[in-house]
Amino acid sequence: MELERKSIQNHNDRLVGHHEKKYRQLASDVSNINSTLKKLIAFQIAIPSWALGTGGTRFGRFSIGGEPRTLEEKIEDVGLLHALNQSSGAISLHIPWDIPTNVKNIRNLAASHGLTFDAVNSNTFQDQSDQKLSYKFGSLQHVNKSVRKQAIRHNLEVIRHGQALGSTALTIWLSDGSCFPGQLNFRKAFQNTLESLEEIYSELPRNWKIYIEYKAFEPNFYSMTVGDWGQSYLYASKLGPKAYTLVDLGHHLPNANIEQIVSLLLMERKLGGFHFNDSKYGDDDLTVGSINPYQLFLIFNELVEGMDANKMNHAEALGWMIDASHNVKEPLEDLLQSVEAIKIAYAQALLVDRRALGAAQKSNDVVLAQEILQQAYRTDVRPLVAEARLKAGGALQPVILYRELRVREKLIKERGSQTTASGL
Ligand SMILES: [Mn+2]
């Protein structure tokens with residue numbers, strides 16, 4: 001289904017008076033309001049194809065109904081989100097879940113919704129039915145060269161699919177590792193993985209990047225072969241200038257200082273991409289900003305500071321994506337909430353008085369430094385984010401309009417109540 005422009009217009013007409021009152025008050029306090037709005041409008045967050053249905057659990061899945069059954073329907077769902085918030089202008093595909101049958105049609109469909117194709121993701125953490133060798137004991141790290149070759153071939157196939165669609169990055173997340181001490185020779189596992197990655201890297205198209213995503217634990221519970229940012233950085237450094245580390249917020253041990261990791265990776269120009277989500281315990285795949293919005297702000301504070309120091313374009317220099325999927329919320333409403341949380345944290349980070357913070361740091365004024373950060377964090381920037389959305393042609397209140405339009409009911413009518421989207 002597609003949203004009529006008229007329904008967004010009617011919604012905005014109804015709310016704009018109230019909005020303007022709140023926005024004007026906030027805008028008068030922001031010194032660089034026009035450039036802040038411009039940055040907010042440009043900032044797009046890619047939606048992963050696997051977040052459009054319920055999932056995110058290895059236990060029971062409870063379908064919400066009307067979940068997308070095909071790649072076409074996944075693109076339509078992201079198109080709906082983008083029409084509402086004008087901030088979800090890209091989709092990230094997972095191969096083999098999302099292999100297009102007709103590339104030209106898929107490209108046209110995406111373009112008609114104003115969407116581009118973000119990084120493509122390979123999958124060697126599951127065995128596929130037509131696969132000869134098993135990944136039970138790893139893929140790129142495997143002790144058997146034939147298994148490694150098979151996983152390399154898969155990654156090259158993913159690049160080809162991505163190239164056909166106009167994507168320019170490959171994200172590799174490996175479940176490789178070991179569950180028990182003694183199972184694996186760490187050094188050999190690293191060397192095998194590096195050798196495999198080198199083969200993939202050598203086939204990377206000229207304008208492409210490769211993102212090496214790390215995760216502390218799960219599905220392996222003793223060691224992960226790309227277990228933290230140090231290991232990812234080591235691979236990315238050895239591979240070369242087109243290889244970067246990808247930070248997924250949920251892939252750290254509890255209380256890890258992610259903002260510091262981000263800062264140092266940016267310093268080394270090795271931060272390539274970002275996967276947003278939130279967690280209470282570990283990789284819980286919860287809605288961005290639902291558990292720890294202050295941490296999200298602190299991360300964005302470092303992102304903005306580091307990108308500005310490197311003179312990077314905030315919207316384009318890194319791959320921004322949501323990576324979450326769970327079982328109880330309406331998936332599209334959840335994604336609207338996630339995108340909103342990301343934009344709020346970004347807007348707050350843009351408000352930090354950098355000169356004053358620098359001066360406070362130089363004079364070891366710890367109290368003032370905290371005051372400056374929290375001044376930005378405690379500013380209600382929602383009218384600012386809404387104004388950016390309004391200017392871009394989106395809805396002032398995306399979730400409210402989504403409900404008013406009864407989108408889910410219409411999707412269930414169109415697709416059925418028992419549909420399940422592919423993914424985890
Ligand atoms: Mn991820």
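# Why these labels? Questions on a predicted model

Me: Which residues touch the most other members of the largest nonpolar core?
Reply: Ile-91 and Ile-212 do, in a core of 108 residues. The largest share of this core, 13 residues, comes from helix H10 (residues 331-351). Bear in mind that the model is predicted.

Me: What is Ile-91 in contact with, leaving aside neighbours within four places in sequence?
Reply: Its partners are Ala-46, Ile-47, Ser-49, Lys-74, Ile-75, Val-78, Ala-110, Leu-115, Phe-117 and Asp-118.

Me: Why are H11 and H12 called roughly antiparallel?
Reply: Helix H11 (residues 354-362) and helix H12 (residues 366-377) pack at about 160°. Angles over 145 degrees count as roughly antiparallel. H11 and H12 are therefore roughly antiparallel to each other. Their axes are 8 Å apart, and the crossing is left-handed.

Me: Which residues of H11 and H12 meet?
Reply: H11 brings Ala-356, Leu-357, Ala-360 and Gln-361. H12 brings Leu-368, Ala-369 and Ile-372. By class, that contact has six nonpolar, one polar and no charged residues.

Me: Which residues make the contact of H3 with H10?
Reply: From H3 come Asp-77, Leu-80, Leu-81, Leu-84 and Asn-85. From H10 come Leu-332, Leu-335, Leu-336 and Val-339. By class, the contact has seven nonpolar, one polar and one charged residues.

Me: Is Val-385 buried or exposed, and why?
Reply: Val-385 has 23 other C-beta atoms within 10 Å. Buried takes 20 or more. Val-385 is therefore buried. Val-385 is found in helix H13 (residues 382-392).

Me: What does Val-385 touch, not counting residues up to four places away in sequence?
Reply: Val-385 touches Leu-40, Glu-340, Lys-343, Ile-344 and Ala-347. Asn-85 is 300 residues from Val-385 along the chain, yet their C-alpha atoms are separated by 9.9 Å.

Me: Why does Lys-311 count as exposed?
Reply: Lys-311 has 7 C-beta neighbours inside 10 Å. Exposed means 12 or fewer, so Lys-311 counts as exposed. Lys-311 is in the loop between helix H9 (293-309) and strand E11 (319-322).

Me: How do you know that Arg-406 is exposed?
Reply: Arg-406 has 11 C-beta neighbours inside 10 Å. The limit is 12 or fewer, so Arg-406 counts as exposed. Its place is the loop between helix H14 (398-404) and helix H15 (407-415).

Me: What makes the phi values of Lys-311 and Arg-406 worth a look?
Reply: Most residues other than glycine have a negative phi. Lys-311 is not a glycine, but has a positive phi of about 55°. Arg-406 is not a glycine either, and its phi is positive at about 50°.

Key. Residues are numbered from 1 along each chain as its sequence is written. This is a predicted model: local features need pLDDT of at least 70, side-chain atom pairs count only at pLDDT 80 or more; totals for chains, interfaces and linings use all residues. Axes are lines fitted to C-alpha atoms, for helices over the stretch in contact, and angles run from 0 to 180 degrees between N-to-C directions. Helices (H or I, at least four residues) and strands (E, at least two) are DSSP runs, numbered from the N terminus. Angles under 35 degrees count as roughly parallel, over 145 as roughly antiparallel, 65 to 115 as roughly perpendicular and the rest as oblique. A crossing is left-handed if the near helix is turned anticlockwise from the far one by less than a right angle, and right-handed if clockwise. Two residues are in contact if their C-beta atoms, placed from the backbone, lie within 7 Å. Ala, Val, Leu, Ile, Met, Phe, Trp, Tyr, Cys and Pro count as nonpolar, Asp, Glu, Lys and Arg as charged, and the others, Gly among them, as polar. A nonpolar core is a set of buried Ala, Val, Leu, Ile, Met, Phe, Trp, Tyr and Cys residues joined through C-beta atoms within 7 Å.
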